[in-house]
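Subject: Structure for you to look at

Hello,

Please find the structure below. My notes on it follow.

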Amino acid sequence: MMTSVSNSNASIHAMPNTWLSAAPNQLAGNHMTDIKQARSVALKQVLERGLPTVKNEGWRYTSLRSLLAQNFICTPSDDVLTVNEEAHTAIETALQPALETYRVVLINGRYAPQWSYLENLPSGVQIDSLNAVLNQSPARLAAVFTQIADTAHYPFTALNIASCDDGLVILIDDGVTLERPIELLHVSTGSLNQSVTPPMMHPHHCIQLGTGAQAQLIERFVSIENAGVYCTNAVLEIALSPRAVLRHARLQLESLNAFHITGLHLQQAIGSDYSGINIGIGGAWSRTDLITRFIGEQAHCEQRGLYLVGDQQIMDYHLDIAHQVPNCSSQEQFKGILYGQGKAVFDGRILVAANAQQTDANMTNNNLLLSRNAEIDTKPQLEIYADDVKCSHGTTVGQLDPDMLFYLQSRGLTRSQARQMLSLGFAADVLTTLAPEQLHEQVINQIERRLETATF
Amino acid sequence: MSATTDNYEHLVNAEYEHGFVTEIESDTLPPGLNEQVIRTISTRKQEPALMTEWRLAAYRHWCEMPAPNWAAIQHPPIDFQAISYFSAPKQTPKLNSLDEVDPRLLDTYNKLGIPLEEQKVLANVAVDAVFDSVSVATTFRSKLAEVGVIFCSISEAIRDHTELVMRYLGTIVPPSDNFYAALNAAVFTDGTFVYIPKHTRCPMELSTYFRINAAKTGQFERTLIIADEGSYVSYLEGCTAPQRDENQLHAAVVELIAMDDATIKYSTVQNWYPGDENGRGGIYNFVTKRGECRGARSKISWTQVETGSAITWKYPSCILRGDDAIGEFYSVAVTRGCQQADTGTKMIHLGRNTRSTIVSKGISAQRGQQSYRGLVRIAAKAEQARNHTQCDSLLIGDRCAAHTFPYIEVKNPTARMEHEATTSKISADQLFYCQSRGLSEEDAVSMIVNGFCKQVFNELPMEFAVEAQKLLSISLEGAVG
């Protein structure tokens, strides 16, 4: 039942109905009762609880006002794939650099087979669109789809589950090692016609690695040149079976017209190993929630990140690492470069439950403020209920050392070059973990370009 | 009206060293809170009409505020109508010497090991002892008056220095600041007022011992300290309370103002009744403490040792408004039994070249719950601001908890701030080493804990440091193993 939440309660925003799918009954997988049920629970949650305001602790530095000011409309139909010639060329460009990968391309949140490349997949590996899997063999996703995501605490995840219709599915059988990386490309055009209200997309990805399986996933969010306004509300559900290994690179390179939301829900079984690197460069307004739940001992999780935030940008990273079982380790390292009127928010929480002895968790957040009006709000939290643990966190906020700038300038570099060099040096230890080489270069080029054109 | 006699059998209780009730008749208002109660308090205190209105405005504001629920603490809802808001010992004579003090009162202090005479002579400390809500003894006042220092109860100050008090009261912690600050503004019955005139170094350390006494009376202290240009003052606050089964609410407000080149050092040892091992009884300590470094090169330093109270909820803060101002916060907090502490600080950097240091040491044992919650805000105009924060937690036992919630907001690129936090337990190696050198396990733990806290104890005035170390050892007795 669709009910609208009254706006009299100042601590929530009512959920705009147009953000939801207009045809909920036709969403993929809804012929299955349990999927339909899970979706209706999520819908009820987001309608009843509404969207958070800055009075909500998790959103105190990030207001939804600019998001709510847009009349986003959920776009379920396939015609988002029919793009004109001009956009076609723009998409070609946006797909660069071409990598040696299995490639899945989503155009405006829809699986686009004509751009994708999934030939010669080894046996034991299934890569497909969520729409196809939910409609044809939903049982394959029984352990993942809606099972890992936390809709109670993440309203945008609930919104996604209530409305998602497509995305990527990766299922890797026990013991299979996939040598070649899998690439997931979100290409968005926005509304190309100014008179059309901007689209909101809800891509949903399910990834399950069997026991001892190994894979590498490269995820990129890009926009075509001159893309219009749009909003991506992505959700990933990742289940790592015992001793599975996943390397995950996430590049958010959306246009400065874009709104971006990601909820990454990760569940790690015994001995599994996840290592993620999150690069945030684009988007006018973006929010990323990285949620890790350990369900088996001896698991290890690494989350690294780099955010570059400039004029008219607000970028928010929230980490929630829950050590519910003993003997797991996690390491989180995020670095930020801020300039212009950019604003970044970092909120990292490490929870160590009462029985999670021998936990080793470490979080650092370093920020570089390059100019006057930039703002950083950081909040690294430790919540510890066990005594035999090693936990630490560290945060710094600083600026470039004037002596270093002077030294480089005395060697003939311009001030801008010196600034770029030092900023990249600051980011280097995060960036070195980014592979393959072409991607690394693309990111460095983008950072350089941004810093070159920035006003200080 | 001696509500205390019923509790007489609780007097001797070995578990809590300072748990005894002094039987003095209290002039207590019946429980309940309304505008009439506030008017009565104001009338009894012989306050000017201006003050009455100020209180009423705070009360009306308080009525509209919801009780806060964001802190990581748990307690049953407080019935504010069940609390009596005024309790004054019936005899309130003006005293010039200790001879005039009720001997039973003096006896209470003796039991606490803080004889006034001895302190007067040996420690050279002027003690403004607050027994329940009204000051009954003030010493060394004439000596302080010589240099122009005003050190008196806030009620007296409101009567005798109305203009001075009203100029500053509520400017740092406005009555609308938070739920408990509003409540305090409406009903505070006593507290301390200190004014240090320009270019004066306060000749002695000022000290007030607070005690909560009559049953069912909340204690609403209000402290206002003003250090004028170029002055220096060190203020000591220490607390103990008798053992009770019923939770007692303590919602104090402390305001500090430091003008150009002034320094205020504020030290607290808090050892109120923490409740029994199941968390029954114990004091709710909900305090708003804030200082403003208003002038250039001013400095405010908070040092606290928190071992008592069932719930501690306080964030001594510094607003660094003046250029080159310095804010410091040193804290040791111990929670054991079922104690809960949500404590930390706020450093608000507004002026240029402002610096702040935060050192917070938390020790959590048994089922103790502890949170460090701190804010460092560097405003856009705070050029070259500097902050260093270190918060370490020590866990003893597997049912305790320690949390860290630091908020860092930086709007100026020249800022340099660092935050470090660690959580660990006493390692088996450390214990083994100490024991192999002949120490008992308890002594070894005590030694390690004292080492852990040393950085903070070093900031305490001498006598307090000794007391704090003792307190820490007593607090952790039986908590290990």
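**Strand β17 of chain B**

β17(B) and strand β20 (residues 355–365) of chain B run parallel and are joined by 10 bridges. Strands here are DSSP runs (E, at least two residues), helices likewise (H or I, at least four), numbered from the N terminus. Strands count as paired if DSSP finds at least two bridges between them. This is a predicted model: local features need pLDDT of at least 70, side-chain atom pairs count only at pLDDT 80 or more, and totals for chains, interfaces and linings use all residues. Residues are numbered from 1 along each chain as its sequence is written, while chains are lettered from A and ligands numbered from 1 in the order in which they are written.

Within the β20(B) pairing, B:Ile326 stands opposite B:Arg355. β17(B) also pairs with strand β14 (residues 299–306) of chain B, in the parallel sense, over 8 bridges. There, B:Ser331 of β17(B) is the bridge partner of B:Gln304.

How many residues of β17(B) are buried? The count is 10 of the 10 in residues 326–335, so the strand is largely enclosed by the rest of the structure. Buried means 20 or more other C-beta atoms within 10 Å of the residue's own; exposed means 12 or fewer, partly exposed in between, with C-beta atoms placed from the backbone. Both faces are covered. One side has B:Ile326, B:Glu328, B:Tyr330, B:Val332 and B:Val334. The other has B:Gly327, B:Phe329, B:Ser331, B:Ala333 and B:Thr335.

**Nonpolar core**

The largest nonpolar core has 252 residues. A core is a set of buried Ala, Val, Leu, Ile, Met, Phe, Trp, Tyr and Cys residues joined through C-beta atoms within 7 Å. A:Leu338, A:Val352, B:Val194 and B:Ala227 touch the most other members. Strand β12 (residues 230–240) of chain A gives the most to this core, with 8 residues. Leaving out residues up to four places away in sequence, B:Val194 touches B:Ile150, B:Phe151, B:Leu206, B:Ile225, B:Ile226, B:Val233 and B:Tyr235. Contact means C-beta atoms, placed from the backbone, within 7 Å.

**Where the chains meet**

Chain B gives 30 residues to the contact and chain A gives 31. On the chain B side, β22 (386–396), β23 (401–410) and β24 (416–425) each give two or more residues. That side divides into 14 nonpolar, 8 polar and 8 charged residues. Ala, Val, Leu, Ile, Met, Phe, Trp, Tyr, Cys and Pro count as nonpolar, Asp, Glu, Lys and Arg as charged, and the others, Gly among them, as polar. Strand β23 (residues 390–398) of chain A runs antiparallel to β24(B), joined by 7 bridges. A:Thr396 stands opposite B:Glu418 there.

**Helix packing in chain B**

Helices α2 (residues 49–64) and α8 (residues 179–187) of chain B pack at about 145 degrees, with axes 7 Å apart. Axes are lines fitted to C-alpha atoms over the stretch in contact, and angles run from 0 to 180 degrees between N-to-C directions. The contact includes B:Tyr59 and B:Trp62 of α2(B) and B:Phe179 and B:Leu183 of α8(B). Its residues divide into 8 nonpolar, 1 polar and 1 charged.

**A buried histidine**

A:His318 lies in strand β18 (residues 314–323) of chain A. It counts as buried, with 20 C-beta neighbours inside 10 Å. Not counting residues up to four places away in sequence, A:His318 touches A:Gly58, A:Thr288, A:Asp289 and A:Asp347.

Best wishes

Methods. Two residues are in contact if their C-beta atoms, placed from the backbone, lie within 7 Å.
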